[in-house]
Amino acid sequence: TLDMQAFGVSIFIMAKPIGTAGSNDRMLFKDGTYDTGLDGAGNETTFSNGTTVVYGSGNSYTNDNFQIFEVVSNDSYYVNGTAVTGVTSISLGADNSNQVLISSASGSDFLNAEYAEIVMVQGNVSDGDRQKIEGYLAQKYGTWPSLPSDHPYRTIAPTVS
C-alpha cells in the first residue's frame, strides 16, 4: 500500500548482482508503472516510470559486488553515492493499488542478486539525509571504499541526533 506517486519515495538497495544481468532485469517492480533495475548490455542502471525507460551511463555498476542502488523521486538515480549520468528528475507513476515486488516482475525479467538490506523512505530525502543513509549502509556492509572520496561518511559512520 505504498503510494509512491502521491508522496514520492526514496529507495536505497544494498545488493550484489550475480553474474551478468539480462536486458532490463528488475530489482524493484510495482504496478507495471515503476521499476528500477540493471541492464547487462553495458552494465547500465535503468529506471522506468511506466512510460519511459531511462538508461544510466555504461559501467555504472559492477557484477558480483555489493553496492548501494538509490532512487530518489524528483531527483536522480545513484550508485554508491554518485549520481548516475543520464538519469535526472525521476518521476514515479506507481500508485497504491499493488504490492512492491523485489527482484521480480511479470515475465522473466527478474534480477539474479543477493539483497542485504532495502531502506524505503516516504517522500524525497534531502542531500544530507541521502548521504547519511549511504554512509549507514556503506559502513554496515563494508562498502565504504566505493563512496566518493569527498563523501562525509566515507570513513566514519553517521550519527542520528
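Okay, let's start with a pair of strands: β6 and β7 (residues 76–79) run antiparallel and share three bridges. Strands here are DSSP E runs of at least two residues, numbered from the N terminus, and two of them pair if DSSP finds at least two bridges between them. Keep in mind that this is a predicted model, where local features need pLDDT of at least 70, side-chain atom pairs count only at pLDDT 80 or more, and totals for chains, interfaces and linings use all residues. Residues are numbered from 1 along each chain as its sequence is written, and side-chain values use heavy atoms, with hydrogens and water left out.

Back to our pair. Phe 69 sits opposite Val 79 in β7. The two strands make a hairpin with three residues between them, and Asn 74 in that turn has a positive phi of about 60°.

Now, β6 itself, residues 67–72: six of its six residues are buried, meaning under 20% relative accessible area with a 1.4 Å probe, protein chains only. In a regular strand, side chains alternate between the two faces of the sheet. In β6, Gln 67, Phe 69 and Val 71 point one way, while Ile 68, Glu 70 and Val 72 point the other.

β6 also pairs with β1, antiparallel, over six bridges.

Terms used:
Buried < 20%, exposed > 50% of the residue type's maximum accessible area, 1.4 Å probe, protein only. Helix = DSSP H or I, 4+ residues; strand = E, 2+ residues; numbered from the N terminus.
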